[in-house]
Amino acid sequence: MNALDDLARAFINQFQGGFPVAGRPFSRVAAKLGTTEATLLQTIERLLADGVLSRFGPLYDAVRLGGAVTLAALAVPAGRYAAVAAAVNALPGVAHNYRREHALNMWCVVAAATPQGVAQTLAEIARRTGLPVYDFPKQHEFYLGLWLRLAADGSVDTLPVPGVTRAPAVPLDELDHRIIAATQAGLPLVPEPAQDLGNVVAADPAVVVERLERLLGSGVIRRIGAVPNHYRLGLRGNGMTVWDVPDELALPLGERVGALDCVSHAYLRPRHAGVWPYNLFAMVHGRDRAAVLARTERIAVLLGAHCRDHAVLFSTEVLKKTGLRLAA
């Protein structure tokens, strides 16, 4: 988007992760960007209101929270699509939902505080829609991360997420859960967010900061910062590439696919006999379909003769995108 000014681009490029939370963080970040605290806060508010940012704040890992997450798909008749989408989207356990070009044309991410909660949501989707629900739980994660780099000419590209070292998982107490509930929709856009959160969760601001930093260090929080809306920023091509590779080679091949700089998500997921032959999933983004297909070809070349079949499921509509809501 050429309409983004230098400050907005610099903020997004530098703070998709690594945003501080202690003291007056917006003042410190503003100084690094050559602006004022008030101007930075107004800029973030505008980016959120315009849909350039999906959200701003911590990104939580459902599994490290002690919960569970899965990918599910339905084959929805065209005449029922709007009604089924409304029924699925109404469930709080549905975090994301996309329309994709395939016989399985609705794909949603389901998250819950427990594995049983995921199963219950899937059963409720089936009950409400009267349709089979195909469950694709993550069997192995090869890579997860989408970091965008915005250029002054309006072009956008994807970059690997900077690697971090995580501490062992830590048990969560009641205060942790109150902080998660207060921040999973985003950080407060106020000069002292820790003070604001402290008032909400009834804790000293310094304790709130310490808890957030511990959650980040242990991987419960993946990163803290801006979450760009890649559609709004010009990456209109969104392809879920799926591959049928031999099960005995899936792990090493998946690691190689996940290491490609054009892949934002790569997972091993189950097949469904007679319905779905693919076991390796890799998300690819680009400015248009041609760019996605060119990047898909890189994966095909890498897999070579080990690829027995593949498909690209382009998304044509974002039906829901709220992020995980596990501690409401």
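Helices here are DSSP runs of H or I with at least four residues, numbered from the N terminus. The model is predicted. My points follow.

1. **Arginine 9.** Start with helix 1, where arginine 9 is found. Is this residue buried or exposed? Its relative accessible area is 11%, and buried means under 20%, so arginine 9 is buried. Setting aside residues within four places in sequence, arginine 9 is in contact with Leu4, Leu150, Ala151 and Ala152.

2. **Leucine 4.** Leucine 4 sits in the segment before helix 1, which covers 6–14. Leucine 4 has 7% relative accessibility, so it counts as buried. Residues up to four places away in sequence are again left out. Leucine 4 then touches Arg9, Ile12, Leu47, Val52, Leu150 and Leu233. Look at glycine 154 too. Leucine 4 and glycine 154 are 150 residues apart in sequence, yet their C-alpha atoms are 7.9 Å apart in space.

3. **Helix 2 and helix 3.** Helix 2 spans residues 25–33, and helix 3 spans residues 37–49. Their axes come within 8 Å and cross at roughly 95 degrees. Angles of 65 to 115 degrees count as roughly perpendicular, so helix 2 is roughly perpendicular to helix 3. Which residues make the contact? Helix 2 supplies Phe26, Ser27, Val29, Ala30 and Leu33, while helix 3 supplies Glu37, Leu40, Leu41 and Ile44. By class, seven residues of this contact are nonpolar, one is polar and one is charged.

4. **Helix 7 and helix 8.** Now turn to residues 193–201, which form helix 7, and residues 205–217, which form helix 8. The two axes come within 8 Å and cross at roughly 100 degrees. Helix 7 and helix 8 are therefore roughly perpendicular to each other. From helix 7, the contact takes in Ala194, Gln195, Leu197, Gly198 and Val201; from helix 8, it takes in Pro205, Val208, Val209 and Leu212. The class count for helix 7 with helix 8 is seven nonpolar, two polar and no charged residues.

5. **Alanine 202.** The loop between helix 7 and helix 8 holds alanine 202. Check its backbone. Most residues other than glycine have a negative phi. Alanine 202 is not a glycine, but it has a positive phi of about 60 degrees. Is alanine 202 buried or exposed? Its relative accessible area is 67%, and exposed means over 50%, so alanine 202 is exposed.

6. **Aromatic pairs.** How many aromatic pairs does the structure hold? There are twelve aromatic pairs. A pair of rings is described by the distance of the centres and the angle of the planes. Take phenylalanine 11 and phenylalanine 15. Their ring centres are 6.1 Å apart and their planes stand at 25 degrees. Planes under 30 degrees apart count as stacked, so this pair is stacked. Phenylalanine 11 has 0% relative accessibility and counts as buried. Phenylalanine 15, with a relative accessible area of 6%, is buried. One aromatic cluster is formed by Phe11, Phe15, Phe19, Phe26 and Phe56. Phe26 also takes part in the contact of helix 2 with helix 3.

7. **Charges over rings.** Two arginines deserve a look. The charged end of arginine 100 sits over the ring of tyrosine 98, at 5.1 Å from the ring centre. The charged end of arginine 269 sits over the ring of phenylalanine 281, at 5.6 Å from the ring centre.

Methods. Residues numbered from 1 in each chain as written. Predicted model: local features only at pLDDT ≥ 70, side-chain atom pairs only at ≥ 80, totals over all residues. Heavy atoms only, no water. Axes fitted to C-alpha atoms, helices over the stretch in contact; angles between N-to-C directions. Helix = DSSP H or I, 4+ residues; strand = E, 2+ residues; numbered from the N terminus. Parallel < 35°, antiparallel > 145°, perpendicular 65-115°, else oblique. Contact = heavy atoms within 4.5 Å. Nonpolar A, V, L, I, M, F, W, Y, C, P; charged D, E, K, R; others polar. Phe/Tyr/Trp six-rings, centres within 6.5 Å; stacked < 30°, edge-to-face > 60°. Buried < 20%, exposed > 50% of the residue type's maximum accessible area, 1.4 Å probe, protein only. Lys NZ or Arg CZ within 6 Å of the ring centre and 35° of its normal.
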